[in-house]
Amino acid sequence: MSLYRQSVMEHYSAKDSKLQLNFENGFKPVVLVKSAKVADSNKDLEEFKKYLPAINGEDIEKILNIDDKRIKKAKKWFTETKKYSYNNIADAIKREFNPDVTIRQINGEKANDTKNSQILSELNNLDLNENNVRIIFAVKMLNEGWDVLCLYDIVRLDEENKAETKTITSDIQLIGRGCRYNP
């Protein structure tokens, strides 16, 4: 879905001079992957790094055939509007989410330790198009006060917080500003 958002935004910003954003370097939406425990976040990150290079056209075809209206819309965009093959999409995902460049991980409750403060400084200055970060794995960080325009997706991998309304509201607030600028 992140690649779909990126493709749509780049397509329409190139065609519409009324869009006031500069996308010379490409639109770079960020995905925030939230876990409840550091061990889970570490495991999720390692699984992502392991799975990403192996993704192929068959995997994309399975995903794009899921019966969901948003996925159907993305499938139509990629296969009919852009004329991409499933292998083209898999290659684009591998390129856009290259673990050597695009991933950051920030875990814990303390923003003032050296490692977290350096990562926070980078993440607080993310730009819509002038950044390499595409996916952030986080535990108990970036819950509030993080004002980044390029956050478009939050993936929750912690089962225990699924029904917690307060958590869901804070997630909505995190992505709210970016959605107002790029509906």
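These legends describe close-up views of a predicted model.

Residue numbers start from 1 along each chain as its sequence is written, and side-chain values use heavy atoms, with hydrogens and water left out. Local features need pLDDT of at least 70 and side-chain atom pairs count only at pLDDT 80 or more, while totals for chains, interfaces and linings use all residues.

View 1. Helices (H or I, at least four residues) and strands (E, at least two) are DSSP runs, numbered from the N terminus. The order of elements from the N terminus is α-β-α-α-α-α-α-β-α-β-β-α. Of the 183 residues, 42% are buried (under 20% relative accessible area; exposed is over 50%, partly exposed in between; 1.4 Å probe, protein chains only). Contact means heavy atoms within 4.5 Å. Among contacts with a separation of 6 or more, 74% join residues 24 or more positions apart.

**View 2. Four strands form an open parallel sheet.** The strand order is β2-β3-β1-β4. Strands pair if DSSP finds at least two bridges between them. β2 and β4 (151–156) are the edge strands, each pairing on one side only. From one strand to the next, the twist averages 20°. β3 runs parallel to β2 (residues 103–107), with five bridges joining them. β1 and β3 are also parallel, over four bridges. Helix α2 (residues 38–51) lies across β2 and β3, at about 170° to β2. Axes are lines fitted to C-alpha atoms, for helices over the stretch in contact, and angles run from 0 to 180 degrees between N-to-C directions.

**View 3. Strand β3 is mostly covered.** Five of its five residues are buried. Ile135, Phe137 and Val139 point one way from β3. Ile136 and Ala138 point the other way. Phe137 is the bridge partner of Val33.

**View 4. Ala138 sits in strand β3.** Ala138 counts as buried because its relative accessibility is 1%. Lys34 stands opposite Ala138. Ile106 also has Ala138 as its bridge partner. Leaving out residues up to four places away in sequence, Ala138 touches Leu32, Val33, Lys34, Ser35, Ser41, Ile106 and Asn107. Val33 is 105 residues from Ala138 along the chain, yet their C-alpha atoms are separated by 6.2 Å.

**View 5. Helices α3 and α5 are roughly perpendicular.** α3 (residues 57–64) and α5 (residues 86–96) pack at about 100°, with axes 7 Å apart. Angles of 65 to 115 degrees count as roughly perpendicular, under 35 as roughly parallel, over 145 as roughly antiparallel and the rest as oblique. α3 contributes Gly57, Ile60, Glu61 and Leu64 to the contact, and α5 contributes Tyr86, Asn87, Ile89, Ala90 and Ile93. Six of these residues are nonpolar, two polar and one charged. Here Ala, Val, Leu, Ile, Met, Phe, Trp, Tyr, Cys and Pro count as nonpolar, Asp, Glu, Lys and Arg as charged, and the others, Gly among them, as polar.

**View 6. The largest nonpolar core has 21 residues.** A nonpolar core is a set of buried Ala, Val, Leu, Ile, Met, Phe, Trp, Tyr and Cys residues joined through side-chain atoms within 4.5 Å. Ile60, Ile89, Ile93 and Ile135 have the most contacts inside the largest core. Elements giving two or more residues to this core are α1 (2–15), β1 (30–34), α3, α4 (69–81), α5 and β3 (135–139). A second, separate core has 13 residues, including Val30, Leu32, Leu123 and Ile136. Beyond neighbours within four places in sequence, Ile89 contacts Leu3, Ile60, Leu64, Phe78 and Tyr84.
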